[in-house]
Amino acid sequence: GLLNSLRVIIVGIGLVTAIGVTAGIARLSDNWLVQKLATIYVEGLRNTPLLLQLFFWYFAVFLSLPTPEDAISLGFINFSNRGVGLFGLQLSPEFSALLAGLTLYTGTFIAEIVRGGIQSVPKGQWEAARSLGLNPTLLMRLVIFPQALRAIIPPLSNQYLNLAKNSSLAIAVGYPDLYAIASTTFNQTGRAVEVMILICATYLIISLSISFLMNFYNRSVQIVER
């Protein structure tokens, strides 16, 4: 159960970072269509309950896909009611639904954090970068985003912690994570106190580990006073 939880948390943090950063930058895009699509994504998903989104991905999406014989193939990715096939790996529909729900939901909050962090960079920095002839991609990658990280990292840590704790909703779609396995142990042994203490201690250790790593990274991007 612990290994299954860690798989969701580690993969989820990687995916949600990519989704959140992309959506956050898209919210500030000069392209009207890109900006509106990012806005619909953020406002639509963050204002609906996560549990309902997990049910949607599991029952309405993955269980409704065709059988493996008629799987939907997109290059190296196959989609069927048995889950997602990726580079020879078969991801169960429970894992896929949980991962999709967690990352897309948490990604909306990270998108707003990224948008706010970018907007916090003084306009003078934008003008100075443009005066050097930097194109928009280099401007964002070399000048704006490194400065925005100082405002992004602290609230970003909270969203990583929320993702780790929200992974306990895996029991709703039948994914055997730490909480689901511990519940089975409790039902078989009747030792509620010991099981609850183990669950709390494990999630506490996971959360403290994420906080330690993010605080370490946060210190590395801060301006050193002289």
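Let me begin with a term: a residue is called buried when its relative accessible area is under 20%, exposed when over 50%, and partly exposed in between, with a 1.4 Å probe and protein chains only. By that criterion, 38% of the 226 residues in this protein are buried.

Two remarks on the source. The model is predicted, so local features need pLDDT of at least 70 and side-chain atom pairs count only at pLDDT 80 or more, while totals for chains, interfaces and linings use all residues. Residues are numbered from 1 along each chain as its sequence is written, and side-chain values use heavy atoms, leaving out hydrogens and water.

The protein has eight helices and four strands, where helices (H or I, at least four residues) and strands (E, at least two) are DSSP runs numbered from the N terminus. Their order is α-α-α-β-β-β-β-α-α-α-α-α.

I turn to the strands, which pair if DSSP finds at least two bridges between them. S1 (residues 72-74) and S2 (residues 77-80) are antiparallel, with three bridges; two residues separate them in a hairpin, where glycine 75 has a positive phi near 75°. S2 also pairs antiparallel with S3 (residues 83-86) over four bridges. Phenylalanine 79 is the partner of isoleucine 72 and also stands opposite valine 84 in S3.
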